Amino acid sequence: MMIRLQDFAGRWSMAREIEDFRADARSELTGTCDFVPDGEGGFRQEERGFLHLPGRDKPLQAERRYLWRAVAQEITVFFDDGRFFHSFDPNASAPEADHACDPDSYQVRYEFSDWPNWTANWRVTGPRKDYRFQTRYWR
């Protein structure tokens, strides 16, 4: 099966586990991720949920947005202000990408082998950053 950009359309449930190696702490985010047509042939990815931080009684509301576009065989992801973030081929055997945000480095590896369930595994390193997070998405 070939995964195409339009296959992401609609609402997904999501769960994110965050492991902060500097703080020796783990957090969780649960919520939804919507891929909404943006009127330009792509999607606006809108994540909303509750972030459960260690030591806090009440979770924080969290949200973020990206823009997804099909470019040849790849999906190109942009920040919500239109700046380039990264590209990946959803049909590669091990889809991955890097994003340099000097002085930090962001590396992602996607897993689509259990489609329509999928994951994004991020590793972030830099002078003040050292964390890993995994987000699981499902219908």
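Two strands count as paired if DSSP finds at least two bridges between them. Strands (E, at least two residues) are DSSP runs numbered from the N terminus. The structure is a predicted model, in which local features need pLDDT of at least 70, side-chain atom pairs count only at pLDDT 80 or more, and totals for chains, interfaces and linings use all residues. Residues are numbered from 1 along each chain as its sequence is written, and side-chain values use heavy atoms, with hydrogens and water left out.

**Strands**

Strand β3 (residues 43–52) runs antiparallel to β2 (residues 25–37), to which 10 bridges join it. Within this pairing, Val-36 is opposite Arg-44. Five residues separate β2 and β3 in a hairpin, and Gly-39 in the turn has a positive phi of about 80°. Strand β3 also pairs with β4 (residues 60–71) in the antiparallel sense, over nine bridges; here Glu-47 is opposite Arg-64.

**Aromatic rings**

The structure contains 26 aromatic pairs. Rings of Phe, Tyr and Trp (its six-membered ring) pair if their centres lie within 6.5 Å; planes under 30 degrees apart count as stacked, over 60 as edge-to-face and the rest as tilted. Two pairs are listed below.

| Pair | Centres | Planes | Class |
|---|---|---|---|
| Trp-68 and Trp-118 | 6.2 Å | 65° | edge-to-face |
| Trp-122 and Phe-133 | 6.3 Å | 25° | stacked |

Trp-68 lies in β4 and Trp-118 in β9 (residues 118–125), so their pair ties together parts 50 residues apart in sequence. Trp-68 and Trp-118 are both buried, meaning under 20% relative accessible area (1.4 Å probe, protein chains only). Trp-122 and Phe-133 are buried as well.

Technical notes:
Helix = DSSP H or I, 4+ residues; strand = E, 2+ residues; numbered from the N terminus. Buried < 20%, exposed > 50% of the residue type's maximum accessible area, 1.4 Å probe, protein only.
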